[in-house]
Amino acid sequence: MISLDVLIAGLATGSIYGLLALGYHITFVVSNTVNFSLGATLMFGAVLFYELHTRIGLDIFLAVPLVLLMSGLLGIIVERFFVRPFCQNNSVSWLLSTIAFGIILENIVRFTFGQEPRSVPMPSIAEPIRIFNAGIYPIEFIIPAVGISVALILWLLSKKTIVGRALLAAAQNRDAAILQGINVKKLIILAYVVSTALAGLAGMLIAPKLNVSAGMGTLIGLKAFAAAIIGGILSAPGCLIAGIGYGVFESIVAAQLPSAFREILGFGLLIFILIFKPNGLFGKKGVYKV
Amino acid sequence: MKLTPTQYLGSLLLPLMFLSVPASAQEQVKIGLVAALSGDSALSGESITRGMTVAIDEINAKGGVLGGKKLVLVRRDDESNPAKGQLAARELIEKEKVAVVFGGIDTPVSMSLINVMSELKTPYMGVWAAGTAITNNNKNPNYMFRVSAVDERVDAGMLKYAQDKFKSKRPGSMLVNNPWGDSNMKGLEKAAAALNITLAGQEKYNTNDMDTTAQLTRLKNAGADSIILVGNTGVAAQVMKSLERMNWNVPVVSHWGISGGRFDELAGPRYKDVVFVQTYSFFGKQSPVGEKVIAELKKRYPEIKGANDIVAPVGTANAYDATMLAALAINKAGSTNGEKIREAFYEIPEYKGLIKTYKKPFSAESQDALTDRDYIWVHFVGNAAVPVN
């Protein structure tokens, strides 16, 4: 019998994975590249939020947009200096360079923010709500609500706005999109900005629950990528659903078994699914021109 | 052969060649510290440094060691990582030529140094990490010494405290999943058997666990009426948050891992309910040594205005006494030779220290200077560890 708090906690963690998985998806569909520094960007968002809101005392309605803006700026930097130079030379070294950027960012934060974890006290994590004997923090409702809302907004934007439709077009057929006059280069930049802003948002959401530290993003980034692969990196709903599912699965495993099994079974699940569904659960086959 | 005047004068300069060795290298004895200077337990490394620094200043003010040589501290950050700790210890011994290596808060790091210290024949002085097997290893000769608590003795102490103060009949333990947690798991089993106490269970939790409700629920269902907590600040804080989430008002008796960081900030409102073990408190009436150490700390670190500001005090206190004892051993050995210093530790005469008066603190049978009679029990008020009652 799975208790309500295990389920809700899993939904919350899963939504964080889902947001990052969406970030991986967005850049991959538009540019066939993945920003492996999203975990570090999540950490950056959390740390910046701590500095602006908790330490300096900036109002949350100012701190949140500022963090989103700065996280988005990181996307511009990553795309321009750590991805584009390699793509222009048809090299896959963007893989290693985005990992390197993540490591650099983590260590810059270690050096400036410090090594100790800090807490982000918020009303949403102050007192748990009691439902059927389970204690659930308000933030554990807020995170999935925000995560799913953001995903829905992105979906609506992609369907109803010109920029959104241009992104979809570029994702389906980049050459055709270029021929139609769509500025694919700008779309790639936009995709990176959206992906890092999503990571920054995820960082702000998880900060009160996790405590903020320089190393907080690495494992989350890795698991979110696993979720993106499980869901099918070419499918936005797949990435979100797989992220949430992965979080719930982890939470159930940790509740029933020693917590060391969480990683063993989580990544084991990834391999198992890929054996039977190589493109992920919701993924489509990629088209390779020969 | 007859020398020209130039050659003759030049030859007078030859002896100056031997003065090219820096004067400082001849006049100093280095001691090393391998500890967590960063990460979750960064404050512990700083507190150890302060204790050692105050002791070193005092020793140097009185003329240093080995007939006038200045004692110098060389530090390396092990980042709570055993592999990094080993590299750091090797570098300190082989390159910096330290006479003694002092250790930090992390038992896994200290455990990984047992073989290194034996191989390089250099004494290790633990000032925090309490894993029983650090000093109770099967090395002969044994190079591991310690002025600190010992897990086995702390485990018995925690169970006795839970029994006496909280009338606990079925304690349950929450142990961090690493060698330190394992050491205490064994210690608690042994102590429970000796004290005729039935443990409700022993649960493990990982350092990256966001929530430990599952483990705590299993203990609660098994009838646990107190929690024995073993873990460092960050991870133990999550246990307290989980207890808050479960609304389970159970007494918590902890090992001292929680005193190495910002427990009050990370653990939520229940942080002050945790009783934990210490070897010393700078609160209350101090001995003359205590007053002297506080005065020196205030002088060296102006942000320290009182006991309240001495963060992670056990590291400072243990390190102070340990440095004094190490200096006594170095002097007794008459050299910086590791084997001689090791033997000299057994011959330290009486020493009126901060924590207690040491009488033959080390022997081949016990290389731990402190016993459970030296422990005190405290809880946090803010970030200050204040004795309970």
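## Chain A as a whole

Among the contacts in chain A that link residues at least 6 apart in sequence, 76% are between residues at least 24 apart. The structure described here is a predicted model. Chain A contains 11 helices and 2 strands. Read from the N terminus, its elements follow the order α-α-α-α-β-β-α-α-α-α-α-α-α.

The C-alpha trace of chain A extends about 60 × 45 × 35 Å along its principal axes. A compact globule of 290 residues would have a radius of gyration near 19 Å, and the 19 Å of chain A therefore agrees with that expectation. Of the 290 residues in chain A, 50% are buried.

## A buried valine in chain A

V78(A) lies in helix 3 of chain A, which covers residues 60-88. This residue counts as buried because it has 29 C-beta neighbours inside 10 Å, where 20 or more are required.

Apart from neighbours within four places in sequence, V78(A) is in contact with N35(A), S37(A), V83(A), T98(A), F101(A), Y192(A) and T196(A). As for W94(A), it stands 16 residues from V78(A) in sequence, and the C-alpha atoms of the two are 9.6 Å apart in space.

## Where the chains meet

The contact between the two chains involves 20 residues of chain A and 23 residues of chain B. On the side of chain A that touches chain B, the elements giving two or more residues are helix 1 (4-31), helix 8 (184-210) and helix 10 (236-256) of chain A. Sorted by class, that side of chain A has 10 nonpolar, 5 polar and 5 charged residues.

## Chain B as a whole

Chain B has a secondary structure of 14 helices and 14 strands. Buried residues account for 52% of the 389 residues in chain B. Among contacts in chain B between residues at least 6 apart in sequence, 70% bring together residues at least 24 apart.

Along the principal axes, the C-alpha trace of chain B spans about 100 × 45 × 40 Å.

## Helices 4 and 5 of chain B

Two packed helices are described by the angle between their axes and the distance between the axes. Helix 4 (residues 82-94) of chain B packs against helix 5 (residues 107-120) of chain B at an angle of about 35 degrees, and the axes are 8 Å apart. The crossing of helix 4 of chain B past helix 5 of chain B is right-handed.

From helix 4 of chain B, the residues that make this contact are P82(B), G85(B), Q86(B), A89(B), R90(B) and I93(B). Helix 5 of chain B contributes P108(B), V109(B), S112(B), L113(B), V116(B) and L120(B). By class, the contact between helix 4 of chain B and helix 5 of chain B comprises 8 nonpolar, 3 polar and 1 charged residues.

## Helix 7 of chain B

Helix 7 of chain B, residues 151-166, is formed by 16 residues. From first C-alpha to last, helix 7 of chain B reaches 21 Å, close to the 22 Å expected at 1.5 Å a residue.

The buried residues of helix 7 of chain B are D151(B), E152(B), R153(B), V154(B), D155(B), G157(B), M158(B), L159(B), Y161(B) and A162(B). Just after helix 7 of chain B comes K167(B), which takes a positive phi of about 50 degrees.

How values were computed
Residues are numbered from 1 along each chain as its sequence is written. Chains are lettered from A and ligands numbered from 1 in the order in which they are written. This is a predicted model: local features need pLDDT of at least 70, side-chain atom pairs count only at pLDDT 80 or more; totals for chains, interfaces and linings use all residues. Helices (H or I, at least four residues) and strands (E, at least two) are DSSP runs, numbered from the N terminus. The expected span of a helix is 1.5 Å times one less than its number of residues. A residue is buried if 20 or more other C-beta atoms lie within 10 Å of its own, exposed if 12 or fewer, and partly exposed in between; C-beta atoms are placed from the backbone. Two residues are in contact if their C-beta atoms, placed from the backbone, lie within 7 Å. Ala, Val, Leu, Ile, Met, Phe, Trp, Tyr, Cys and Pro count as nonpolar, Asp, Glu, Lys and Arg as charged, and the others, Gly among them, as polar. Axes are lines fitted to C-alpha atoms, for helices over the stretch in contact, and angles run from 0 to 180 degrees between N-to-C directions. A crossing is left-handed if the near helix is turned anticlockwise from the far one by less than a right angle, and right-handed if clockwise. The radius of gyration is taken over C-alpha atoms; the globule rule is 2.2 Å times the number of residues to the power 0.38.
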